[in-house]
Amino acid sequence: MGSLRMTLQTQLVLRALLEDPAKERYGLELCELAGLPSGTIYPILARLEHVGWVESTWEDPALHEGAGRPRRRFYRIAEDGAEHARDALARAYRGRKQPLPGWAARPINGGGVS
Amino acid sequence: MRARRRLAPRPNKRRCALPSLEGLLAVVRMHHPHADTSLIQHAHDEAAVWHAGQTRRSGDPFLTHCLAVAAIVADLGMPPPVICAAVLHDIDDTPCPAGRVTEHFGQEIADLIAAVRAARIGAIPLTALHLHTARPPTLQPTREEAVLAIRLADRLHNMRTIAFVAPARRYLVARETRDVIAPLARAAGLADVSRELHDLSSAALQPASTPSAVTTRMLAMLTLLLPTRQRARWREEWHAELAALPTRRTRTRFTLRVLLSTPRLSWTLRRAAFRERRW
């Protein structure tokens, strides 16, 4: 199990994967969940896969052949990757001066709008 | 042609009313003002009974197809017996007992329906055909002309509703229509029918929603930046993602973003491979 630099995008991808750790998701679906532009997620997934936090498999032929489309690559948080990912996210969160959008309650008076 | 478009509307334009008996009779009266339409009404009632409960892939009642085909045939100037055969051209696919059509509509119409079903459309000799729309009402069509008119009308209506057919079958039907049927219609003197068949089949053969060769090839080329052993996997993965995107714009955007992120992916993969080798 290796370590990796927790960029903002990496954190968003991990958060998306941890939302439902048992569920397998394909790249475009993860992009949407993480709020990242389509097509930018693959280097992050490759890195997460390399350190062993994420595992990927090809889609079951029964599913894609039935739907008449090419098979998808599915990603899921690895069994022992979830703990590492949560730890890393917590460390990154503590280390941040400003919370990620949606992670903390917004100010009641909507501060920042002038 | 203009009259046919108005009276035998394309069902995929949902605003238009579905083909009806009234619409069909209006076309018949336009071409044969003094014709006895009771036989056509009888054919309609018979088709309505036997096709009851059957639907087209579009979800419309199957009877709408019979009426649309008959309206096209009527608009080609065919006389009432041929129009009856058009209404009943798929009756053999129903539980209708053999002999019932002969009993109700006579041997001539029953034989014509059988000939329509049996005919190999490419084998019909074109030399004796005079299927132009301005045919005089008194001129009786030959058996070959009647068969060809019904088969062409059947194909024309099927092509108008081809959007509801599964892609593999749609491709086969559209290719045959473009390469065989549309030229045949032109040779038979039906330029309007031929043009519409050609337009519909060409549109079905070049759907706008599949990834273009350019984006697919571009993604395949991008994988050349990746380590050799990884190329096939990413090419396949991106190909599947591309197929899931609905519009050309989203596919282009996806391809450009993959283009921008590929150097980083390449670096990640190469570094990982290097570390594995070192350990």
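This is a predicted model: local features need pLDDT of at least 70, side-chain atom pairs count only at pLDDT 80 or more; totals for chains, interfaces and linings use all residues.

## Two helices in chain A

In chain A, helix H1, which covers residues 8-18, packs with helix H2, which covers residues 27-34, at an angle of about 105°, and their axes lie 9 Å apart. Because angles of 65 to 115 degrees count as roughly perpendicular, H1(A) is described as roughly perpendicular to H2(A).

On the H1(A) side the residues that meet H2(A) are Leu12(A), Val13(A), Arg15(A) and Ala16(A), while H2(A) brings Leu30(A), Leu33(A) and Ala34(A) to the contact. Sorted by class, this contact of H1(A) with H2(A) holds 6 nonpolar residues and 1 charged residue, with no polar ones.

## Where chain B meets chain A

Between the two chains, 17 residues of chain B are in contact with 16 residues of chain A. On the side of chain B that touches chain A, the elements giving two or more residues are helix H12 (231-244) and helix H13 (248-278) of chain B, and H13(B) gives the most, with 10 residues. By class, that side of chain B has 8 nonpolar, 3 polar and 6 charged residues.

Leaving aside residues up to four places away in sequence, Ala86(B) touches Val69(B), Ala70(B), Val73(B), Ile150(B) and Ala153(B). Ala86(B) and Val73(B) are 13 residues apart in sequence, and from C-alpha to C-alpha they are 7.1 Å apart in space.

Methods: Residues are numbered from 1 along each chain as its sequence is written. Chains are lettered from A and ligands numbered from 1 in the order in which they are written. Axes are lines fitted to C-alpha atoms, for helices over the stretch in contact, and angles run from 0 to 180 degrees between N-to-C directions. Helices (H or I, at least four residues) and strands (E, at least two) are DSSP runs, numbered from the N terminus. Angles under 35 degrees count as roughly parallel, over 145 as roughly antiparallel, 65 to 115 as roughly perpendicular and the rest as oblique. Two residues are in contact if their C-beta atoms, placed from the backbone, lie within 7 Å. Ala, Val, Leu, Ile, Met, Phe, Trp, Tyr, Cys and Pro count as nonpolar, Asp, Glu, Lys and Arg as charged, and the others, Gly among them, as polar.
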